[in-house]
Amino acid sequence: MGDSNVNLPPGFRFYPTDEELVVHFLQRKASLLPCHPDVIPDLNLYPYDPWHLDGKAMAEGNKWYFYSRRTHSRITENGYWKSLGVDEPIFSNDNNNVGMKKYYAFYIGEPSEGVKTNWVMQEFSLNSDSSSGSSRSSSKRRTRSKNDYSGWVICRVYERKCDNDNDDDGPELSCLDEVFLSLDDLDEISLPH
């Protein structure tokens, strides 16, 4: 566990749902609106290896949260983030598709020769409907809002535990998360006939 960059009152935890990350935090950031409390820092992820995020990103338990600009290069000093090829839509309470969640695994070494680690990143982005709907309602001074939507993402980074000792300190993954994270190992799965 690391120090978070914000002093939450005793008893409060930062434990947002996927929808809350997209609707409350990312939409406001991309629209250049203030977010209270302003707890998620801006961080250029890609110069940092995941184990160097402590003290730089918003920490809650063994998860780190931060805003970053979307980029195609996901190479760090010691490795790279590789897409697991899974996009999961994020829906609001009223069943509107408000964003996407992409999964990445961290590999140590050079691209295409790296060794997979237990580090996982979930990258949350807004969909084009969210950006166009919001930019229409914004003032003319905020004509860059649509560009900001396509540029900003929120990242949640954590290290998966490999052991099966039901440790409460491990990341809490939903059944869908487990399925998505296992999709890169499809060649090892044999299906019944």
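Contact here means heavy atoms within 4.5 Å. I keep that in mind for the first thing I looked up: of the contacts in the protein with a separation of 6 or more, 67% are between residues 24 or more positions apart. I also note that this is a predicted model.

**Overall layout**

I went through the secondary structure next and got four helices and six strands. Along the sequence they run α-β-β-β-β-β-α-α-β-α. The protein has 193 residues, and 41% of them count as buried. I looked up the accessible surface too: about 11400 Å², with 49% of it belonging to carbon and sulfur atoms.

I wanted to know how enclosed β2 is. Six of its seven residues are buried, so the rest of the structure largely encloses this strand. β2 spans residues 63-69.

Which strands does it pair with? I found β1 (residues 58-60), antiparallel, over three bridges. I also found β6 (residues 152-159), again antiparallel, over seven bridges.

A59 stands opposite W64, and in β6 the bridge partner of W64 is V157.

I checked the turn as well. The hairpin of β1 and β2 has two residues between the strands, and G61 takes a positive phi near 65° there.

**Aromatic rings**

How many aromatic pairs are there? I get seven. I looked closely at W64 and W119: their ring centres are 5.9 Å apart and their planes stand at 45°, so I log the pair as tilted. The cut-offs behind that call are under 30 degrees for stacked and over 60 for edge-to-face, with the rest tilted.

This pair links distant parts of the chain, with W64 in β2 and W119 in β5, 55 residues apart. Both W64 and W119 are buried.

Elsewhere I noted one aromatic cluster made up of F14, F25 and Y65.

**K29 and two rings**

Which rings does the charged end of K29 sit over? One is the ring of Y67, at 4.9 Å from its centre. Another is the ring of W152, at 4.5 Å from its centre.

**S125**

I picked S125 next, which lies in strand β5 (residues 115-126). Is it buried or exposed? Its relative accessibility is 4%, so S125 counts as buried; the cut-off for buried is under 20%.

I then asked what the side chain of S125 touches. It makes a polar contact with the side chain of R70, at 3.2 Å. Leaving aside neighbours within four places in sequence, I list L26, R70, V98, G99, M100 and V153 as the contacts of S125. R70 therefore turns up both in that contact list and as the polar partner, by the contact limit of 4.5 Å.

**E113**

Last, I looked up E113, which sits in the loop between β4 (97-108) and β5. Its relative accessibility is 63%, so E113 counts as exposed; over 50% is the cut-off for that.

How far is E113 from G79? I have them 34 residues apart in sequence and 9.9 Å apart in space, C-alpha to C-alpha.

Definitions and conventions
Residues numbered from 1 in each chain as written. Predicted model: local features only at pLDDT ≥ 70, side-chain atom pairs only at ≥ 80, totals over all residues. Heavy atoms only, no water. Buried < 20%, exposed > 50% of the residue type's maximum accessible area, 1.4 Å probe, protein only. Polar contact = N/O pair within 3.5 Å; in protein donor to acceptor, adjacent residues only side chain to side chain. Phe/Tyr/Trp six-rings, centres within 6.5 Å; stacked < 30°, edge-to-face > 60°. Lys NZ or Arg CZ within 6 Å of the ring centre and 35° of its normal. Areas by Shrake-Rupley, 256 points an atom, 1.4 Å probe, with all protein chains shown as cover. Pairing = 2+ DSSP bridges.
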